[in-house]
Amino acid sequence: VDAAWGGAVLLSRRHRHLMAGVEHADSLTWDAHKMMGLPVQCTAFLTRHKGVLHRCHGLQVSYLFQAEMAGCEHDLGTRSIQCGRRNDALKLWLCWHAFGDSGWEARVDHALDLAEYAHQQVARDPRFLLVLHGVYANVSFWYLPPWLREGEKRFDPTTASPEARQALHHVAPRIRAELRREGKVMINYQPLGALPNFFRLVLPSAGVCTRQDIDGVLGLIAEVGDRLFSSP
């Protein structure tokens with residue numbers, strides 16, 4: 001299971017149902033440097049098969065690994081591609097020790113609460129259109145220029161013409177470039193299959209982020225969009 005981004009929900013009693021069935025997985029990867037905000041890199045890979053990593057990556061070379069060395073069974077060099085590596089697990093342990101189970105749970109709950117609030121704010125603003133709703137801590141949406149938001153002309157990804165898709169495809173990159181030029185906010189965008197570029201607001205477990213911050217980011221996007229696209 002690729003739980004690099006989503007695996008953190010297992011820390012939350014409210015949201016761990018999103019990973020229901022993961023207990024049947026053969027293996028799982030989780031990046032604590034993503035949702036939990038630890039310094040890159042801090043990744044855990046869990047497998048049910050004891051010894052499989054050693055069999056896959058172990059180098060039986062006498063100048064590196066000696067079986068008679070005390071504690072050699074804990075040497076990650078025999079179980080990883082990198083061989084020599086930083087002690088990334090220490091970062092995970094220190095953070096967990098500092099926050100505890102309840103502290104990490106609160107951070108995950110806060111992030112998903114903010115994501116739900118952002119979804120609600122986008123849904124009620126006619127200048128925006130959700131791409132998807134309720135996908136973890138990702139909020140994907142379009143800013144719609146005036147000529148793509150009114151009445152029958154409102155953009156609908158299921159019926160939009162190629163011309164409308166192409167026009168909308170250039171909107172998010174232009175807004176993002178202007179926001180960066182003005183030094184106001186950094187936000188990513190992406191296409192998805194045949195869908196034109198949309199904004200992707202990602203909310204990791206940043207305890208300092210508030211609803212006011214969400215309102216501010218959305219307000220800046222709308223403000224710059226209205227300024228750039230006041231006419232076709």
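Me: Is Arg 14 buried, partly exposed or exposed?
Reply: Buried means under 20% relative accessible area and exposed means over 50%, with partly exposed in between. In this predicted model, Arg 14 has a relative accessible area of 45%, so the residue is partly exposed.

Me: Which residue does the side chain of Arg 14 meet in a salt bridge?
Reply: The criterion is a side-chain nitrogen of Lys or Arg within 4 Å of a carboxyl oxygen of Asp or Glu. Arg 14 pairs with Asp 109, at 3.9 Å from N to O. The two are 95 residues apart and connect distant parts of the chain: Arg 14 belongs to the segment before strand S1 (27-31), Asp 109 to helix H2 (residues 88-124). Asp 109 is buried, at 11% relative accessible area.

Me: Where do Arg 181 and Glu 178 lie?
Reply: Both are in helix H4 (residues 171-181), 3 residues apart, about one turn of the helix. Arg 181 is exposed at 61% relative accessibility, whereas Glu 178 is buried at 14%.

Me: Which residues are linked with Arg 181 and Glu 178 in a network of salt bridges?
Reply: The network also takes in Glu 182, Lys 184, Glu 223 and Arg 227.

Me: How many salt bridges does a search of the whole structure find?
Reply: The search finds 15. Among them is the pair Lys 34 and Asp 31, at 3.3 Å from N to O. Lys 34 is partly exposed at 36% relative accessibility, and Asp 31 is buried at 10%.

Conventions. Residues numbered from 1 in each chain as written. Predicted model: local features only at pLDDT ≥ 70, side-chain atom pairs only at ≥ 80, totals over all residues. Heavy atoms only, no water. Helix = DSSP H or I, 4+ residues; strand = E, 2+ residues; numbered from the N terminus. Buried < 20%, exposed > 50% of the residue type's maximum accessible area, 1.4 Å probe, protein only.
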